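Please open the structure in your viewer and keep the sequence panel beside it.

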Amino acid sequence: MKFDIMRDHLLDGLNDVMKAVSSKTTIPILTGIKLDVTNEGLTLTGSDADITIQTFIPIEENGDQLINVTETGSIVLQARMFNEIVRKLPTNDVEIEVSNGLQTHIRSGKSEFHLIGSDASEYPLLPEVSTDRQFSIPADLLKSIIRETVFAVAASESRPVLTGVNWQIHGDELICIATDSHRLARRKTTLEHLPTDVSSVVIPGKSLNELNKILGDSTNPVQIVITNQQVLFKTENVLFFSRLLEGNYPETSRLIPEEFKTNITINGKSLLQAIDRASLLAREDRNNVVRFETFDGNIVEISSNSPEIGKVEEQIPVETLEGENLKISFSAKYMMEALKAIDGQDVVIQFTGAMRPFTLRSIHDDAILQLILPVRTY
């Protein structure tokens with residue numbers, strides 16, 4: 001195997017596949033990156049058995065030659081070392097040659113590295129994915145869906161299925177739900193050509209976070225293929241495989257209240273900033289709890305009290321306040337993350353009492369719903 005490649009293109013590809021490589025893997029060859037060189041281009045693959053990322057660098061792009069192939073072939077190179085070497089090479093021209101079996105030479109300018117590779121035939125094959133359950137989402141919309149839900153997945157592995165985001169398909173609607181049992185984030189999207197034989201899968205939150213780093217902000221379509229154990233996201237030159245989580249996701253629709261006793265419309269940005277300020281004092285306290293109280297005259301008061309440090313109170317005008325007055329306490333972190341998902345727009349907050357879950361939505365659309373359980377304070 002022997003080829004020359006532009007270093008910046010090689011680095012871009014490595015940046016993507018390195019996101020899947022873990023040093024903690026129990027399969028030694030997965031600490032490496034697989035390079036496959038053909039007459040079409042270079043394919044890089046990285047995997048930790050849960051996530052597999054494959055990126056393709058073509059021989060030429062937009063009339064520019066990116067790779068010059070002298071001899072095709074495959075090798076697996078130690079990922080961290082190879083990535084560091086490429087990052088620090090002195091020039092943009094890189095030559096990679098494999099001789100005597102697994103001896104790999106990396107040359108650039110006057111610098112030459114010799115690495116011992118591993119046999120590419122020992123690297124696990126990619127999962128087989130048939131494309132009959134395929135649909136597409138524009139990349140920027142997929143990024144939004146991930147951003148608006150994935151923060152609410154459970155951090156602890158005590159209920160593994162809650163560490164993922166539940167994707168449900170009902171007719172032409174994709175509904176994405178995440179909950180850690182203290183809060184819930186739901187995002188609805190209407191899409192064309194959704195598969196009819198898939199009703200519900202759970203995608204690990206970690207996988208979606210890594211995918212989010214790879215996706216661009218363009219409207220280019222991302223093809224999504226769902227199988228029984230795997231989901232595949234395909235962009236122009238990247239394949240991103242993730243295993244699905246096993247187990248039944250809890251039925252969350254009954255958690256969302258139908259009737260409300262207090263409705264508030266408020267500017268999301270000013271509420272977020274006020275809670276951020278109140279949480280300065282709450283942060284020292286283990287629970288990071290902030291109180292929220294409504295008053296006649298369309299005023300809400302955000303307050304926090306930490307016995308050792310002091311207290312903070314701030315009043316914010318609300319646009320509308322309907323129904324009963326109430327006092328409620330909640331986690332400042334959860335509330336801020338929910339408001340960030342709705343992204344600075346005016347929000348409607350609907351309460352059914354001081355100890356019942358409450359919901360947040362944008363006044364403009366119903367696509368995003370955030371639900372938070374209050375905290376008992378005595």
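Begin by selecting helices H1 and H2, whose crossing is left-handed; a crossing has this hand if the near helix is turned anticlockwise from the far one by less than a right angle, and is right-handed if clockwise. Helices (H or I, at least four residues) and strands (E, at least two) are DSSP runs, numbered from the N terminus. The model is predicted: local features need pLDDT of at least 70 and side-chain atom pairs count only at pLDDT 80 or more, while totals for chains, interfaces and linings use all residues. Residues are numbered from 1 along each chain as its sequence is written, and side-chain values use heavy atoms, with hydrogens and water left out.

H1 covers residues 7–18 and H2 residues 79–88; their axes lie 10 Å apart, at an angle of about 150 degrees. Axes are lines fitted to C-alpha atoms, for helices over the stretch in contact, and angles run from 0 to 180 degrees between N-to-C directions. H1 and H2 are therefore roughly antiparallel; angles over 145 degrees count as such, those under 35 as roughly parallel, 65 to 115 as roughly perpendicular, and the rest as oblique.

Next, select H3 together with helix H4 (residues 205–214); their axes come within 10 Å and cross at roughly 140 degrees. H3 is therefore oblique to H4. The contact joins Leu 142, Lys 143 and Ile 146 of H3 to Leu 208, Leu 211 and Asn 212 of H4.

Then select Thr 163, in the loop between helix H3 (139–149) and strand E13 (164–170). Is Thr 163 buried or exposed? Thr 163 counts as buried because its relative accessibility is 13%; buried means under 20% relative accessible area, exposed over 50%, and partly exposed in between (1.4 Å probe, protein chains only). A polar atom of the Thr 163 side chain lies 2.6 Å from the backbone oxygen of Pro 160.

Finally, select the whole protein, which has six helices and 28 strands.

Definitions and conventions:
Polar contact = N/O pair within 3.5 Å; in protein donor to acceptor, adjacent residues only side chain to side chain. Contact = heavy atoms within 4.5 Å.
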